[in-house]
Structure formats: C-alpha cells, structure tokens
Amino acid sequence: MKFRDTLSGSLREFVSIKGNRIRLFVCGPTVYDLIHMGNARTFVFFDMLARYLRMRGFEVFYLQNITDVDDKIIKKAEAGNIDWRDVADRYYSEYLTDCLYLGITSVNLHARATNYIDRIISQIRRLIRRGYAYVSDDGVYYDTSKFSDYGKLSKQKLDRIRHGARVDVRESKRKPEDFALWKFSDGHPSWDSPWGKGRPGWHIEDTAITETYFGSEYDIHGGAVDLIFPHHEAEIAQMRAISGRRFLSRYWIHISYLLFDSGNVDKMSKSLGNVVTVRELSRKYSGEELRYFLLNSRYSSELLFSEPILKSSSEGWKRLQKAFSVLSSMDLCNDMACAKYPPFEKVIEAMENNLDSREAIAFLHQLASSVFQGDLSTEDLHRIYHTFLFANGFLGIFRSVSGNTEMIIKQLIELRNRYRKAGKFDVSDDIRNSLMKAGVKIEDSGGDTTWMMIG
RNA sequence: GGAUAGGUGGCAGAGUGGUGAUGCGUGGGACUGCAGAUCCCAUUUAUUAGGGUUCGAAUCCCUACCUAUCCUCCA
C-alpha cells in the first residue's frame, strides 16, 4: 500500500514499524461547537483508513485527541456565563453523537487534553532542561531556532516567512515563530506548574497524549492540511527534541479542504462563518449519504461542496444503495470470507493506490450496472455481493436492516402485491405510503418488487 | 513577498505519454395500474491560453492568466 506522505511530499510505500501493529493518531476537534462537513471529511476519511487497515489484517490502535481546553472554549463559556468544563463536556458529547451518525466506529480512544496535564508539564520540563524552551513573562515558549528541522514538514523556509501575515506577533517571544507551551493565567481554567499557574499551549497536548500511549514514535499521523503549519510542525519539534529520534510519525497524511460554494468559493471554516454542520445535514441526509459524498473524492484534492452538489451526489448514492439492496435480497452467500467467491481485486487495488476510495466507488458503480442489466451467472452475483460487502466494511456507505425488520418488510410487500393482483390499488398504495414513511422505498419492476432503506 | 495544491463536458470529479473512468443532469425510446426504478440510444471536436519536446501530450518542459490554501485561531 502506498499513499501520499506530506513530509517526503511523495507517494511512499507504507511499512509499519512493528509488524502488523499500526499506531494511528489523528487530531480531533476543539470542542466548542458542532462539527461541520469540512471536519467530517477528515474524520470520515481516517475512519475508512483504520477500518481498511483492519480488514487487511493489521491491528490498528486509533488514537484521537480532544482539545477540551482552549481560548475558544473559554470565550464561549464567558459569553454564555457558564463553566468552561460544561462547554467542553457538551460539545464533546455532540461530537460523539455526530460521529455515531456518520458511522465513525473505529477510534479506540478519545483522549481529552485536560487528563494529561501532568504529562504536558513533564514534557515542558524536559524541553527546558534540554535547552529547547524558555520562560518568558507571559508563558513558556519553544525556541524554534534550536530545532533545525523546524519548517521541514510544511516546506517553509523560515527566513522567507512573512511574520504576522495574519496574526500579530507577540513581543514576549524571542522569535516570531516560537510557540507557546504554557500560557500563564490565574483565571479559569488553570493548573499549577513549576513556572506558575496557567494552561497548556495547543501543540503540546498532542505529543503528551501520543507519548502516553505510543511512546516517542509511531506510524501514521493524520489531520487536515490546515494543521501542517504550525501545529504539526510544532509537534515534531517538541517530541523530537525530547526523544532525539529522527521521526515523530513515520507517515503524515493530510486531508485537503472542503470548499464551500456559497456564491464565493472558500474553504469551509468557522472563522469564515461559511459552515454547514453535520447536524444540520442530518435532517435531510443519512450518514451513509454523507459518507458517500465525502469518500467519493480523493483525500488529497480539494472537494467542492454545496447543497445542489450534495443532492446530485445523493442521487448517485441511491443507485448504488439500490444495487446493494437488490443483491441483499437475492439469498446470496453472506459470508464475505467465504473462499469460494472472493471479492474482486479491483477494490483492493484502488485502496492500495493512495487510498483511492473514489476509484473503489466507481468500480462498484460498474458492478451495479451489470447487476441491473441482468444476465449474470450465480458465481458472478456471489462475487459482486461479496465485493459490495467487502467495500462497505471500510466505506460504510450502505444501509441494511436487521433480520426481523427485513422479514416484516417482505411480508408487507407480499401482502401489497396480493392486493395489487386483485386490483385493489387503494389498499396497495396505502401500504406503499406507510412503508415510505418508515423509510422503506419500494419499486415494482417486471414481476418483482424491490425495496431499499432511504433517508 | 515566500510556500503548497490545482485549472478536464451543463455540474461534480478520475486519468502522469497511446482517442477522456464514474456519478448527476438533459433529450428520445422500452417497460409500467399509478409512482418510482431500471434498460437501450443520444448529449456528434470536455483537457485555461500560447509555445516547446515527441511518431504521439490532459499527462513532460517553458511562459502567461486564473482558483483555493498556508505564513502561528483553523479539520
């Protein structure tokens, strides 16, 4: 398997550090608001990656941090006159709700920053001892001039950077590119430290968390492209200064932006105020539809979003979902591992080539067409069904229902067809409407009636 | 000013040297109690522009223009 690695800037064959065990870390949200589709793109992608790796036989420990102490959380708490912990708790739980909706099931551990204050302090102490950090009048800062590889990930040449291009430079820093490890503060929240009361800087929480579970080096670090500089640059500087190793993470995967076409085309972000939340969309679209839209693109390319675009994507999703429903109702072998009918290699080939989920989806569409065209051998049908099941294991784009529900639906459809044959269309239409209300869409074609879960 | 990724049909979006995937949309036909879906056919010269390399370029090189993003809030 190969994918684009940010540090080397090229496609690299993936080799794990320790056999079939993979340690994956992905930057999670700052819990001060609901997540939007741009956030979802990153989280859905890494969910797919973790699931895929597991299906390929790797044992993946997927760790994600939750930033639960941050200026934005504090600001929100002050504005609403509530405790900052309540803000963090609430939006953490909203985040988990959205993840559930999006079918994100692969994270082993969500690590909340405030549970790792001791480790954060320990890391800062080690950085100061090794001469990589200094105490200033408003906090403890990392001295970037001591770390020669600073800027390597983002390919920035520090002498060419325009300081303060967007954010004012603090005078308490020795160099503009130095970053805060600890911010002095008496208010809430604050913790005691050897240098004074305060709260951690943003970058140090991640290395504290990864060191706790992974040690100083691990396999894959993921996030969106806006975290490359300075966040991930800072993480590398912190951990490598402490460990003396060549790497923090062996591979870096960055997800490109979701652009929002709302008249102007910009990246979707809270600070630009052009967000569409997952919660909002959940009223009109299923989590599977949203996943389909997000995974039907290459992670390394920008993806354009607008409601009309999502809607047309959704039409494509319905076609695939229908094919899946048809296959599910055909009484085919359910055991994906069954050696007699292996899934087509094409799906794996697509994924091995830079995690190209959109190529996998395009192939499923080809299979769907052949299913609709008919004239397939039983063996082909088995293999196609297994390919759908296999792909769905990591794509998570198809809906299915429990055996009991399925039985009831089938019986209702049978009943409806009896009324249809008898010409009692008012009754049969009532049954169809009732099923529709329950999210079951049925269609008559030829002599058969097919059904699928929608909405 | 520096850096990164791009510019492909009406729309979204693949494709790194050998007539351009896939989905949506549009027009026509078949099927159909209705609805919907599906199938068939069509959408006939879609690769930002201009140069260059090559038997051959969306793909490699150069120039220009354009878009998004980063340069210490950000998924």
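Visitor: Which residue just after α1 takes a positive phi?
Guide: In this predicted model, helix α1 covers residues 37–55. Just after α1, a positive phi of about 100° is taken by Gly57.

Visitor: How far apart are the end C-alpha atoms of helix α1, and what span should its residues give?
Guide: Helix α1 has 19 residues, which at 1.5 Å a residue should span 27 Å.

Visitor: How many residues of α1 are buried?
Guide: Buried here means under 20% relative accessible area. Helix α1 is largely enclosed by the rest of the structure, because the buried residues number 17 of the 19.

Visitor: How is α4 oriented relative to α5?
Guide: Helix α4 (residues 117–129) packs against helix α5 (residues 204–214) with axes 9 Å apart and an angle of about 105°. Angles of 65 to 115 degrees count as roughly perpendicular. The orientation of α4 to α5 is therefore roughly perpendicular.

Visitor: How do the residues of the contact of α4 with α5 divide into nonpolar, polar and charged?
Guide: From α4 the contact draws on Arg119, Ile120, Gln123, Ile124, Arg126 and Leu127, and from α5 on Ile204, Glu205, Thr207, Ala208, Glu211 and Thr212. These residues divide into five nonpolar, three polar and four charged.

Visitor: Which strands stand at the edges of the open sheet of three strands?
Guide: The sheet has mixed pairing and the order β13-β12-β14. Two of its strands each have a single partner strand, so one side of each is left without a neighbour in the sheet. These edge strands are β13 (264–267) and β14 (303–305).

Visitor: Which helix packs on this sheet, and what angle does its direction make with that of β14?
Guide: Within the sheet, strand β12 (residues 258–262) and β14 run parallel, joined by three bridges, and Phe260 stands opposite Phe305 in β14. The helix touching β12 and β14 is α8 (residues 287–295), and its direction makes with that of β14 an angle of about 140°.

Technical notes. Residues are numbered from 1 along each chain as its sequence is written. Chains are lettered from A and ligands numbered from 1 in the order in which they are written. This is a predicted model: local features need pLDDT of at least 70, side-chain atom pairs count only at pLDDT 80 or more; totals for chains, interfaces and linings use all residues. Side-chain values use heavy atoms; hydrogens and water are left out. Helices (H or I, at least four residues) and strands (E, at least two) are DSSP runs, numbered from the N terminus. The expected span of a helix is 1.5 Å times one less than its number of residues. Buried means under 20% relative accessible area, exposed over 50%, partly exposed in between (1.4 Å probe, protein chains only). Axes are lines fitted to C-alpha atoms, for helices over the stretch in contact, and angles run from 0 to 180 degrees between N-to-C directions. Angles under 35 degrees count as roughly parallel, over 145 as roughly antiparallel, 65 to 115 as roughly perpendicular and the rest as oblique. Contact means heavy atoms within 4.5 Å. Ala, Val, Leu, Ile, Met, Phe, Trp, Tyr, Cys and Pro count as nonpolar, Asp, Glu, Lys and Arg as charged, and the others, Gly among them, as polar. Two strands pair if DSSP finds at least two bridges between them.
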